[in-house]
Amino acid sequence: MASQMSLKALADCTYSEMESLVGNLGQPLFRAKQIMEWVFKHYELNPDHMLNLPLKLREELKNKLICMSSKIKEVSKSNDKTTKLLISLDDDEAVEMVIIPSRERITFCLSTQVGCPVGCRFCASGEGGLVRNLKAHEIIEQLYHGIAHSGKFPDNIVFMGIGEGLLNFDNLAEALHKMTEADYIGMSPRRITISSSGYVPGVYRLIELGKPFILALSLHAVDDETRAEIIPDKLRYPIAEILQSCDDYEEKIGRMVTFEYTLLAGINDSRAAAEKLSAMARKHHAKVNLIPYNKTTKEFKRPKEIDILNFRDILEEAGVTVMLRLEKGGKVNAACGQLRAKHMKNDK
Ligand code: SAH
Ligand code: SF4
């Protein structure tokens, strides 16, 4: 196993790395292009399926690279057709990816870390802190498991699974590079949403990438006191700094930001909060994604449906674009983090 650890993962390879590997194996350079096309245009990580390669080269690829490092450990379907895949990693840790079909689109929700260091008090993902960052190939492999399972390439990808992606910036950026560059997967950055708990330095690094990703900022509160009840001090930034980064994102990237707002009964669901959120959203040209709290083991309560609708109406009446899905199932309608949490408890 020790030697396995030092091998490079296939989905992490660049064109020039593949060319030197193929060259070292005494193969002509066009083989590198064939392999990369299998990997990034046909989402195929198993050399046995790369039928236009000589058998010997397929075998050598399996010896020289970690072709697929993760596997689907459990599939759970909810009645609204959302499918959660629990994906086990090569060190036996696990993350989740979620397949969310709607009438005309299919969205994949991906994880960026095992656990999460932010530890928002309502979230199952942060319960045990951060275990480790995902590598770029482990992020890409989630996409490939989703494609293999659903038979479809997603219309949208949202990084709303386990973890705070902006705190695993280099690996996330590497995965985003592979997902969006024409030579690799070539998906439009406009179809990829990066959700952050408001880690401001990460927002500025994302701006430096210069691509029109959708940025979703988990605001959850309209004043810092309330926000402090929800998000621990360690990695929480002041709302004013988050709003400034949101303005800078719009100015430099040219895209409106989304505010995510997990509705917690009696904490952040008052009429006054809705009015203040409306004013903030208008001032900073943000859309608002309302996520009624999905029960985890935490002590919070989901507001009553009527209160959720009232909150939404206040925003809409103020002219704010609001997204709200009422089906149970939690964040992006799927409660990422809960399957992993269950898996950890089973292991104990
Ligand atoms: N770490 C990033 C992305 C992952 S969480 C972030 O916090 O934005 C994605 C979204 O799901 C966040 O807006 C988060 O607040 C929300 N969420 C997490 N657990 C939830 C729960 N139990 N109920 C409702 N929303 C939840
Ligand atoms: Fe981490 Fe996001 Fe969960 Fe907060 S909501 S603990 S940042 S995954």
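User: Buried means under 20% relative accessible area, exposed over 50% and partly exposed in between (1.4 Å probe, protein chains only). So is Pro 154 buried or exposed?

Analyst: Quick heads-up: this is a predicted model, where local features need pLDDT of at least 70, side-chain atom pairs count only at pLDDT 80 or more, and totals for chains, interfaces and linings use all residues. Residues are numbered from 1 along each chain as its sequence is written, chains are lettered from A and ligands numbered from 1 in the order written, and side-chain values use heavy atoms, with hydrogens and water left out. Pro 154 sits in the loop between α5 (136–150) and β9 (156–159), these being DSSP runs numbered from the N terminus (helices H or I, at least four residues; strands E, at least two). Its relative accessibility is 4%, so Pro 154 is buried.

User: How far apart in space are Pro 154 and Arg 105, C-alpha to C-alpha?

Analyst: Contacts (heavy atoms within 4.5 Å) of Pro 154, leaving out residues up to four places away in sequence, are Ile 106, Phe 108, Leu 143, Ile 147 and Met 187. As for Arg 105, 49 residues separate it from Pro 154 in sequence, and the C-alpha distance is 7.6 Å.

User: Now the lysines: what is the relative accessibility of Lys 178?

Analyst: Lys 178 belongs to helix α6. Skipping residues up to four places away in sequence, Lys 178 touches Ala 11, Asp 12, Cys 13, Phe 40, Ile 140, Tyr 184, Ile 185 and Gly 186. It counts as buried because its relative accessibility is 0%.

User: And is Lys 56 buried or exposed?

Analyst: Lys 56 is in helix α4 (residues 55–64). From Lys 84, 28 residues away along the chain, its C-alpha is separated by 37 Å. With 56% relative accessibility, Lys 56 is exposed.

User: What handedness has the crossing of α6 and α7?

Analyst: The axes of α6 (residues 169–180) and α7 (residues 200–209) come within 11 Å and cross at roughly 30 degrees; axes are lines fitted to C-alpha atoms over the stretch in contact, with angles from 0 to 180 degrees between N-to-C directions. The two helices are therefore roughly parallel (under 35 degrees; over 145 is roughly antiparallel, 65 to 115 roughly perpendicular, the rest oblique). A crossing is left-handed if the near helix is turned anticlockwise from the far one by less than a right angle, right-handed if clockwise. Here, α6 passes α7 in a crossing that is right-handed.

User: Which residues in α7 meet α6?

Analyst: On the α6 side, the residues are Phe 169, Asp 170, Ala 173 and Leu 176. Their partners in α7 are Gly 202, Arg 205, Leu 206 and Leu 209.
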